[in-house]
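Hello,

Here is the structure for your files. My notes follow below it.

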Amino acid sequence: MKTVYWKAYNHAKTGDHAAMTLALMEIDTKQRKALLSSTHGDNPTTMIHTAAYNGNLECVRELIRLGAPTTVENGYGELPLDCAEECGNAEIIELLSNHS
């Protein structure tokens with residue numbers, strides 16, 4: 001599952017939502033929900049935090065659809081919405097505001 005996480009995480013970071021989704025579909029729903037809800041290793045952020053911070057709207061949409069929580073804090077005490085506000089992407093801010 002660790003390999004799947006990093007593969008999907010890197011796609012979320014770069015904005016390749018199709019590849020991110022394919023990677024996440026390699027694991028079952030229960031594992032995917034757990035993976036999307038937590039940070040991993042030395043990385044203090046979740047996948048949705050990273051996608052929001054990097055301005056990757058389609059990744060954020062897909063992560064929400066797949067069950068990524070929008071109210072979980074990262075290791076810095078930030079919500080995905082806070083990361084979107086740092087990025088300044090109005091569409092992601094609106095999307096996350098509607099899912100908080």
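Glu-58 is partly exposed at 35% relative accessible area (buried is under 20%, exposed over 50%, partly exposed in between; 1.4 Å probe, protein chains only). Its salt-bridge partner is Arg-61, at 2.5 Å, N to O (a salt bridge puts a side-chain nitrogen of Lys or Arg within 4 Å of a carboxyl oxygen of Asp or Glu). Arg-61 is partly exposed too, at 39%. Both residues lie in helix α5, 3 residues apart, about one turn of the helix (helices are DSSP runs of H or I, at least four residues, numbered from the N terminus).

This is a predicted model: local features need pLDDT of at least 70, side-chain atom pairs pLDDT 80 or more, while totals for chains, interfaces and linings use all residues. Residues are numbered from 1 along each chain as its sequence is written, and side-chain values use heavy atoms, without hydrogens or water.

The structure holds 3 salt bridges. Helix α5 also carries the pair Arg-65 and Glu-62, with closest N and O atoms 2.6 Å apart. Arg-65 is exposed at 56%. Glu-62 is buried at 13%.

Lys-7 and Glu-26 form a salt bridge at 2.9 Å, N to O. Lys-7 sits in α1 (2–14) and Glu-26 in the loop between α2 (17–24) and α3, so the pair ties together parts 19 residues apart in sequence.

Now Arg-32, in helix α3 (29–36). Arg-32 is buried yet has no salt bridge.

Best wishes

Definitions and conventions. Helix = DSSP H or I, 4+ residues; strand = E, 2+ residues; numbered from the N terminus. Lys, Arg positive; Asp, Glu negative; His and termini not counted.
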